[in-house]
Amino acid sequence: MKERKTLYRWFWVWDFEKEEDWLNEMAANGWVLADVGFCRYTFERCEPGEYTVRLENHAYDETYVDFMRDTGAEPVGRYFQWIYFRKPVELGRFDLFSDIDSRISHLDRIGKSLSLIGGANLLIGIVNSFGPSRLGWVNLLCATLLMYGLGRIHGKKESLEKERRLHE
Amino acid sequence: MDENIALTETTYYILLALYNPAHGYGIMRQVEELSNGRVHLAAGTLYGALNTLCEKEWIIQLPYEEGSRKKEYQLTDYGLEILMKEIERLKELVHNGEMVLGGIRE
């Protein structure tokens with residue numbers, strides 16, 4: 001059994017690129033992701049730089065995961081709508097997206113989950129504010145935060161769309 | 001549906017790679033080889049594109065081979081027609097570019 005360690009870290013969903021950078025930094029330092037959970041990252045020992053790690057917002061789909069396996073990527077865990085993959089560097093470059101269109105549709109998927117949860121919180125928040133519950137503000141706070149996230153995702157999308165006007 | 005618009009590089013190379021049947025990883029490797037390593041199709045991008053191209057019937061998914069779980073795809077006649085049209089369009093682009101800038105290239 002390889003040596004393992006678990007770290008707890010919080011990343012906002014709109015900072016998924018930072019999360020990925022951090023996971024790759026860990027891999028470069030000899031700790032590759034082996035499992036994920038709520039704010040929980042379990043790593044196992046590897047050769048420094050042995051793996052590339054990628055994460056993606058994608059509804060879990062066995063066909064997709066099989067497809068990824070065929071390309072040499074190994075799913076190491078999933079949490080909520082996110083799937084985490086790793087691939088040995090010696091098997092070649094590992095990216096999930098290679099054009100602007102697929103980056104935009106990825107952001108759209110994230111945006112969709114954010115607006116769903118944000119919308120639900122807004123609704124519950126409003127209902128609770130008029131009802132006997134005193135916790136309506138919690139939902140309203142959540143909704144505000146999620147709407148902020150949606151704005152961040154939207155900003156990323158806009159800059160990609162601007163780029164797409166000139167090239168793919 | 002207007003099929004007279006430019007294909008993306010991703011679409012173009014996937015169609016080209018599927019002139020003969022291939023599975024996902026095979027497409028990635030072929031495209032890399034065809035483009036001398038310049039075009040690298042990422043797995044997520046390829047997966048999405050394959051689904052879209054199947055919906056448009058430019059390619060089809062072949063029945064599974066015995067004992068294999070790998071999905072294979074192939075270009076349809078319709079897809080081939082689109083690819084040929086695109087090649088004509090690209091020729092025009094190159095032709096016009098060279099005509100205008102022909103003197104100053106080198």
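Trainee: In what order do the elements of chain B run from the N terminus on?
Mentor: First, a word on the ground rules: this is a predicted model, where local features need pLDDT of at least 70, side-chain atom pairs count only at pLDDT 80 or more, and totals for chains, interfaces and linings use all residues. Residues are numbered from 1 along each chain as its sequence is written, while chains are lettered from A and ligands numbered from 1 in the order in which they are written. Helices (H or I, at least four residues) and strands (E, at least two) are DSSP runs, numbered from the N terminus. Chain B has four helices and three strands, and from the N terminus on they run α-β-α-α-β-β-α.

Trainee: Which strands sit at the edges of the sheet in chain B?
Mentor: Strands pair if DSSP finds at least two bridges between them. In chain B, three strands make an open, antiparallel sheet in the order β1-β3-β2. The edge strands each pair on one side only, and they are β1 (22-23) and β2 (59-62) of chain B.

Trainee: And which residue stands opposite I60(B)?
Mentor: Follow the pairing of β2(B) with β3 (residues 72-75) of chain B, which is antiparallel over four bridges. In β3(B), the residue opposite I60(B) is Q74(B).

Trainee: Which element gives the most to the side of chain B that touches chain A?
Mentor: Two residues are in contact if their C-beta atoms, placed from the backbone, lie within 7 Å. The contact takes 17 residues from chain B and 18 residues from chain A. On chain B's side, α1 (9-17), α2 (24-34) and α3 (43-55) of chain B give two or more residues. With five residues, the one that gives the most is α3(B).

Trainee: What does A43(B) touch?
Mentor: Leave out residues up to four places away in sequence. Then A43(B) touches F67(A), M68(A), T71(A), A73(A) and L96(A).

Trainee: Over in chain A, how many residues of β4 (residues 51-57) are buried?
Mentor: β4(A) pairs with β6 (residues 82-88) of chain A, antiparallel over seven bridges, and R54(A) has F85(A) as its bridge partner. The strand is mostly covered, and of its seven residues the buried ones number six.

Trainee: How far apart are the end C-alpha atoms of α1 (residues 16-28) of chain A?
Mentor: The expected span of a helix is 1.5 Å times one less than its number of residues. For the 13 residues of α1(A) that should be 18 Å, which agrees with the distance between its end C-alpha atoms, 18 Å.

Trainee: How far apart do the C-alpha centres of the domains of chain A lie?
Mentor: The bounds come from an automatic or database domain assignment, which divides chain A into domain 1 (4-91) and domain 2 (100-167). Six residues of domain 1 are in contact with eight residues of domain 2. Their C-alpha centres lie apart by 24 Å.

Technical notes
A residue is buried if 20 or more other C-beta atoms lie within 10 Å of its own, exposed if 12 or fewer, and partly exposed in between; C-beta atoms are placed from the backbone.
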